[in-house]
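Please keep the sequence and the model in view while reading.

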Amino acid sequence: MTRGRGYALLAGLVAAIVALSTAIYVGVASDDGTHSRTAVTDSRLPNNSAAPASTGTWVGTWSTSPAAAEPGTETTGMADRSVRNVVHTSVGGTSARVTLSNLYGQSPLSITQASIAIAAGSGTPAALSDTMRQLTFNGGPTVVIPPGRQVMSDAVRIVVPPDADVLITTYTPTSSGPVTYHPRARQISYVAQGDHTADATGAPYTEQSLYWRYLTALDVLSNEADGTVVVLGDSLTDGITSTVGANNRWTDVLSDRLRAEIGAGRDLPRYSVVNQGISGNRVLTDGLGRPADNPSGLNRFARDVLERTNAKVVVIDLGVNDILRNPRLADPNAILGGLRTMVGQAHARGLKVVGATLMPFGGHRGYSDAREAVRQQINAEIRAGRVFDAVVDFDQALRDPYDPRRLRADYDSGDHLHPSDKGYARMAEVFDLESLKGSAPAKL
């Protein structure tokens with residue numbers, strides 16, 4: 001056998017191993033947004049798609065929830081455009097893989113090129129040129145994602161730092177709308193006309209966007225983390241009023257705290273933190289459409305929590321919108337029942353559940369004394385330990401001590417519902433990192 005044929009055979013064997021191992025991880029695909037590996041249209045093996053050379057644990061370093069179909073993209077989608085999503089990592093790793101979603105698409109989504117790179121700095125579409133890698137799917141650069149499905153890329157060798165911006169770029173040559181997106185990213189991403197997935201300069205990316213499109217997860221093979229903390233929430237977790245591009249969501253600050261404490265030698269679980277917040281999200285009620293825009297916490301729990309890579313703990317901060325968005329008076333027992341259902345699903349998968357009390361909204365246009373009474377009933381049950389395995393009391397930490405129905409003024413963004421950057425930081429500061437220890441309670 002010649003050396004060239006030997007290398008070709010070895011490369012083919014490596015690709016087969018990557019494809020098989022990924023397929024085993026993904027499991028059986030269904031039509032509710034689960035992974036599909038059956039729509040690959042190009043089998044060539046690019047240089048950058050190789051099995052990870054190092055050891056470690058696969059964890060989620062960033063994720064977001066597909067929230068809706070992007071308005072205005074119903075006909076053309078993102079045809080002949082490169083979408084450069086900017087995401088911020090929780091922990092680092094030596095290899096990476098991404099998940100792309102066509103959950104809200106009504107036609108097959110064709111991705112003919114995709115790439116990953118480390119950003120050259122904050123607030124820029126430029127990449128560190130020596131980090132640019134082509135992403136592949138079952139060994140080839142092209143993948144077609146059927147409507148309602150998502151796909152995971154092959155693992156690619158790339159050193160991903162913690163607390164860093166990563167650029168993940170996709171190119172779609174044809175019309176395939178509507179676009180699956182997350183509308184309140186609080187992060188500037190970029191769009192270019194034509195295929196510029198391999199461009200490191202960032203010059204063609206003249207259009208800015210406050211959305212994440214198609215991309216729903218970035219996993220890394222990490223020696224820094226042994227599992228993932230998944231935070232399920234609404235706009236308070238989405239960070240809707242935090243400073244754009246500053247990574248001041250409370251989950252970002254929590255990740256920084258956890259990494260710093262572990263680095264200082266504190267005995268804590270080595271976990272990454274990922275954010276599954278959707279603004280306006282409710283425990284019980286879906287939005288409109290099919291599939292539903294802004295699916296309820298109950299509806300999306302399996303996909304957005306249980307399917308996250310190596311999930312160990314889930315933090316649930318939901319319920320305020322069930323109170324505020326119900327045209328009638330919300331039933332606290334129904335909301336608590338929904339929360340307990342999610343806890344049961346988490347326990348069945350061995351996940352520990354930390355739950356948050358509902359923060360005050362006095363002064364908000366939706367406030368009423370009756371709604372305040374519902375909030376207090378729910379919080380009483382949470383504090384009594386009859387809902388979650390552990391509790392973080394955001395209500396107590398952020399309320400005005402002189403008027404507990406309201407947020408403290410310096411923690412209030414001004415709308416009397418969402419925190420300021422200082423308020424988000426306070427949420428992360430009062431989170432007891434010790435509560436991340438342990439697992440789901442054993443069944444008696």
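**Strands, sheets and a histidine**

Strand β12 (residues 180–182) and β15 run antiparallel and are joined by two bridges; strands here are DSSP runs (E, at least two residues), helices are runs of H or I with at least four, and both are numbered from the N terminus. Two strands pair if DSSP finds at least two bridges between them. In β15, W212 is the bridge partner of H182. The model is predicted: local features need pLDDT of at least 70, side-chain atom pairs count only at pLDDT 80 or more, and totals for chains, interfaces and linings use all residues. Residues are numbered from 1 along each chain as its sequence is written, and side-chain values use heavy atoms, leaving out hydrogens and water.

The order β2-β12-β15 describes an open sheet of three strands with antiparallel pairing. Because β2 (68–69) and β15 (212–213) stand at the edges with a single partner strand each, one side of each is left without a neighbour in the sheet.

Strand β16 (residues 215–222) is largely enclosed by the rest of the structure, because eight of its eight residues are buried (under 20% relative accessible area, with a 1.4 Å probe and protein chains only). Strand β1 (residues 57–63) pairs with β16 in the antiparallel sense over six bridges, and A217 in β16 is the bridge partner of S63. Strand β4 (residues 93–101) also runs antiparallel to β16, joined by six bridges; here R97 has D219 as its bridge partner.

H418 lies in the loop between β23 (403–407) and α9 (421–430). H418 counts as buried because its relative accessibility is 9%. Its side chain makes a polar contact with the side chain of S235 at 2.7 Å.

Terms used. Buried < 20%, exposed > 50% of the residue type's maximum accessible area, 1.4 Å probe, protein only. Polar contact = N/O pair within 3.5 Å; in protein donor to acceptor, adjacent residues only side chain to side chain.
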